[in-house]
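Here is a short tour for anyone new to reading protein models. Take a look at the sequence and the structure, then read on.

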Amino acid sequence: MRLRLARSGTLVCSALLLGLMLVAGVVALSGLLDSGLSIDLSRRLLAPSTMHLLGTDALGRDVLAQICAGSLPSLGIAGLSVCLGAVLGIPLGLMTAVRGGSIAEWIARANDVVFAFPSLLLAVLLTASLGPGIGTTVIAIAVFNVPVFARLAHGQAAVLMRQDFILAARMSGRTHTAIAFDHLLPNVAGLTVVQLAVQMSLAIVAESGLSYVGLGVQPPLPSWGRMLADAQTLVGIAPWLVTFPGAALASAVLALNLLADGMAKHWTRGSRQVAQ
Amino acid sequence: MTSRLRVEGLSVTLAGRTLLSEVSFEARRGEMIGMVGDSGSGKSMTALALIGLLPPGSQVQGSLNLDDAEVGWDRLAPLRGRRIGVVFQEPSSALNPLMTISDQVAEGLCLHAPLNRMEAHREAEALLDRVGLPSSAVSSDRYPHELSGGQRQRVALAIALAGRPDILIADEPTTALDVTTQAQILHLLARLTATEGLTTLLISHDLGVIGGVCSRVLVMSHGRLVEQGETTRLLEAPSHPVTRRLMQNYDPPEPVTAGPQGAVLLEAKGLTRRYLPATDGPAALHNVHLSIRAGERVGVIGESGSGKSTLVRSLLGLDPPDSGRVTIAGVAVDPSQRRQTREQLRQVQVVFQDPVSSLNPRQPIGRILAEPLHLLPHRPTKEERQRRVREALASVGLGGISEHARPHEFSGGQRQRLAIARALVIEPKLLVLDEAVSALDAATRNEILLLLQELWRSRGLGFLFVTHDLSVVRSVTDRVIVLRHGEIVDEGPTAMLLTCPEHPYTRELVGATPSLGRRPPLQSGSHDAQ
């Protein structure tokens, strides 16, 4: 199984890229890049060179160092909020599939309501009322992930509920909760992990959006979204200020999507073998 | 007489695997020949080769002659539908759900002859009439979902005949149908073959189906044609071991006589369940009375839609009835009373039809089998759990297997044994078997039936055996209940009911059941469109 995983090139490449970003973030946090992150007006708006590989910004900070330092907040917030959404959403979806009835119907409608809202708008409202910061950003993004996972888990579980082994479990006197966690959860886990990666790529974009409008990560903590916001007036003079953070953002999103793709293929192959 | 269809030395290999090897046979005009064999024997592969629909990458060898003219295996696509018509097993997926039946038949007609809309419609109605769907009984403007399974198979047959084929290939055309409908469709195929001068190749796993209507039989095994001959000769003196095995396994094992019975264990009174609960709408189950004593073996037979599954679910409290009540060991079943329900479920356990879906694919066998132990009033120790699981496995003849194995490592018959072992682990008094042997091939089915007889003898276990298959009921039950449209229409001791049935419906069911010794009745009432 591990061999087959290794053979899938895109899966490994994307996992490596994400790993590299996390390592860069940890390095930046450890203080090794502090000289690059400090303000030094003598070296402001330098074009990319051997000294500053990706150039410097209006306050003389190194762009590469900033991208490295910004990766941890971006990936961390995205990961945290998506996991929070999954932890709340999956049990919700499983329980509604097992119980059915009017409560399940109400929860499904509540999900529809959350889905109907433009997500960024509600995130803006939430952060505006609770005050900006990492915690609020995580909650704001998590809110939109709950219905995604609830619906995914519900859809899969509803199909499984028609299988005879669920009837057998009921004939064994198992409770709704036991059926949900013993029988349904292991069978929906594979697809949920794939969705986790997809949702994380969306969450990275959402987090950058919030930081871009100043509601996400607050200074002095660096963030890809805020780098883009700071650079927008300087696009004509210093194009590297937009290009490189934008590229970092895009490659993180791409890597996560490829990761999801690779896992989905791997997972369906595995389940086909089980079926045979 | 010249042959209409002659296949010589047909071999098919795909990616180094031999799917068919040296298959040769021929068939004349107006002749219906049958091809029989277990699953994976190459029956369907032969059919696919004849209609030019082999999987891509297949290597084909051998020759094919239609009316003594050689045809290349890669030249069959234009003949498909014109000279060679096909009917498959599943009538519901063979039809387009969004087109009326006459449009679908007309579509086939227009492919082969230039017809305008009116002509095509008229021709389609004439063709539907010929397959036993006259427009007076079934409007040709209906959609597939408005028809019964048998009627849909008739439409599929009409579509196959629309191109005026010489050769008709019917691959398991009656496997998805009830016995009475099966007899009607087989009769129709036989009649069309004779009157239209067709050459029909009927493929089936059921030797009784083939023996009833075909003049010659081809026996397939592992991609080879192992024996062929006149039906009567072949059934009287089979020469190949595969044929002999097919015949030996055809009939379920002999019954063992009834033993002592205890007090009433399960009782249902006035059970009614409607399709839409809490309405006055049509009932899936209507006023059913039933009582089973400890150690008694009761069969429930009925065709699809007769309410068998609804009855099982109501008896077990999985779906509550709209009215009436069920008592187990004298106490009413009430799913809201958890402790009491557990006590009742310890007495009654169930085995389902599909051995694949009844075992959770992600759990090891030991865990699956131990699940009913949750019904015990105390939490079993690890030793007790293991002991009970091992005993249950031994009692179904799977003593040596690892408890860490997963369900997909076992064959269909073994999985059904595992499902029985799970039901036995809690040592119930009554085992409800819901079509528990219907998905198995004949040999495996007989093994499971023998196992059930053994369990009854050794443990005094009672059965409620729910099935559509009359021959199975004979070997494992003492008493039979006949269910039709949700009502009990007949009831009595098994041997008596099946040998000299009195109720007309029971008589019809018994008469339509295929068997090796007797051809199904070819009564003229083919215009059965209900």
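## Chain A: the overall picture

Chain A has eleven helices and zero strands. Reading from the N terminus, its elements simply go α-α-α-α-α-α-α-α-α-α-α. Keep in mind that this is a predicted model.

How far does the C-alpha trace of chain A span along its principal axes? The answer is about 75 × 50 × 30 Å. Chain A has 276 residues, and 45% of them count as buried. Now take the contacts in chain A between residues at least 6 apart in sequence: 69% of these link residues at least 24 apart.

Is A:Gln66 buried or exposed? With a relative accessible area of 7%, A:Gln66 is under the 20% cut-off, so it counts as buried. Setting aside neighbours within four places in sequence, A:Gln66 touches A:Leu37, A:Asp57, A:Arg61, A:Pro222 and A:Met227.

A:Leu94 also has its place in helix α4 of chain A. Its relative accessibility is 0%, so A:Leu94 counts as buried too. Leaving out neighbours within four places in sequence, the contacts of A:Leu94 include A:Ala153, A:Ala157 and A:Val188. Pick out A:Ala153 from that group: A:Leu94 and A:Ala153 are 59 residues apart in sequence, yet 5.9 Å apart in space, C-alpha to C-alpha.

## A strand pair in chain B

Over in chain B, strand β16 (residues 348-351) pairs with strand β17 (residues 430-434) in the parallel sense, over four bridges. One of the links is between B:Gln349 and its bridge partner in β17(B), B:Leu431.

In a regular strand, side chains alternate between the two faces of the sheet. For β16(B), both faces are covered: B:Val348 and B:Val350 are buried on one side, and B:Gln349 and B:Val351 are buried on the other.

## The nonpolar cores

Which residues touch the most other members of the largest nonpolar core, a set of 72 residues? They are B:Leu315, B:Ile420, B:Leu431 and B:Leu452. Leaving aside neighbours within four places in sequence, B:Ile420 is in contact with residues including B:Val351, B:Leu431 and B:Leu452. There is also a second, separate core of 47 residues, with A:Leu18, A:Ala153, A:Phe165 and A:Trp240 among them.

Conventions
Residues are numbered from 1 along each chain as its sequence is written. Chains are lettered from A and ligands numbered from 1 in the order in which they are written. This is a predicted model: local features need pLDDT of at least 70, side-chain atom pairs count only at pLDDT 80 or more; totals for chains, interfaces and linings use all residues. Side-chain values use heavy atoms; hydrogens and water are left out. Buried means under 20% relative accessible area, exposed over 50%, partly exposed in between (1.4 Å probe, protein chains only). Helices (H or I, at least four residues) and strands (E, at least two) are DSSP runs, numbered from the N terminus. Two strands pair if DSSP finds at least two bridges between them. Contact means heavy atoms within 4.5 Å. A nonpolar core is a set of buried Ala, Val, Leu, Ile, Met, Phe, Trp, Tyr and Cys residues joined through side-chain atoms within 4.5 Å.
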